[in-house]
Amino acid sequence: LFSVTMGVAACAMMYAVLFVKDSYYLITDEKKNVYDEAREASEIKKIKCGKGVLKSTFNLTISSFKTVLKIRPNNQRLWIILLILVFALTSIITSGATICAFMFYRLQYKITTVTYGNMVTVYFITCLFSQLVVIPFLTKLLKLRDTSILILGFIPICVGFLSEAFY
């Protein structure tokens, strides 16, 4: 089952590399300019620590819900909501899987809770660094597409899972 899943994931990555184009590059230059201007004028850049930060954060949260729930052509709102549910379910399942992972590492590799805590700390620091530094570097300076970044992220994960499974 593990090998079948890895094979399907590899096929999906190859399909994304060869056939999926980032929607931003499929639209006209006029629409690109409109999206770029909207991104520059967004609420996120206006939030500053200090007076009114809670109101700005609340307005940003309400704006996010409005963006998700607005009516879209071709029933795209349903797909967006399903995508959000998939990520929410993944987070819930990951929380439960963390306990199982700890027990696996404890039984398989005889690690202590302190060692596991250090490993999780390094994991979160690495995630924070990649989201705040690496992703902006790849998108803004190297101009990589979203699908390319996803595949760059999945390749080392697959190697890690394979090495963990057969170690």
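Predicted model: local features only at pLDDT ≥ 70, side-chain atom pairs only at ≥ 80, totals over all residues.
**Notebook: a chain of helices**

Reading along the sequence, I get the pattern α-α-α-α-α-α for the protein chain. That comes to 6 helices and 0 strands; helices (H or I, at least four residues) and strands (E, at least two) are DSSP runs, numbered from the N terminus.

Residues are numbered from 1 along each chain as its sequence is written, and side-chain values use heavy atoms, with hydrogens and water left out.

**Burial**

I looked up how much of the chain is tucked away: of its 167 residues, 9% count as buried. Buried means under 20% relative accessible area, exposed over 50%, and partly exposed in between (1.4 Å probe, protein chains only).

**Helix 6**

Which residues of helix 6 are buried? I found Thr-147, Ile-149, Ile-151 and Cys-158. Thr-147 has a relative accessible area of 14%, so it makes the buried class. Its side chain also joins that of Arg-145 through a polar contact of 3.4 Å. (A polar contact is a pair of N or O atoms within 3.5 Å; within protein, one must be able to donate a hydrogen and the other to accept it, and residues adjacent in sequence count only if both atoms are side-chain atoms.)

The 20 residues of helix 6 should span 28 Å at 1.5 Å a residue, and the end C-alpha atoms are 28 Å apart, which agrees. The expected span is 1.5 Å times one less than the number of residues.

**Aromatic rings**

Next I went for the rings. Those of Phe, Tyr and Trp (its six-membered ring) pair if their centres lie within 6.5 Å; planes under 30 degrees apart count as stacked, over 60 as edge-to-face and the rest as tilted. By this rule I get 6 aromatic pairs. In one of them, Phe-104 and Tyr-109 have ring centres 5.9 Å apart and planes at 90 degrees, so the pair is edge-to-face. Phe-104 is partly exposed at 34% relative accessibility, and Tyr-109 is partly exposed at 29%.
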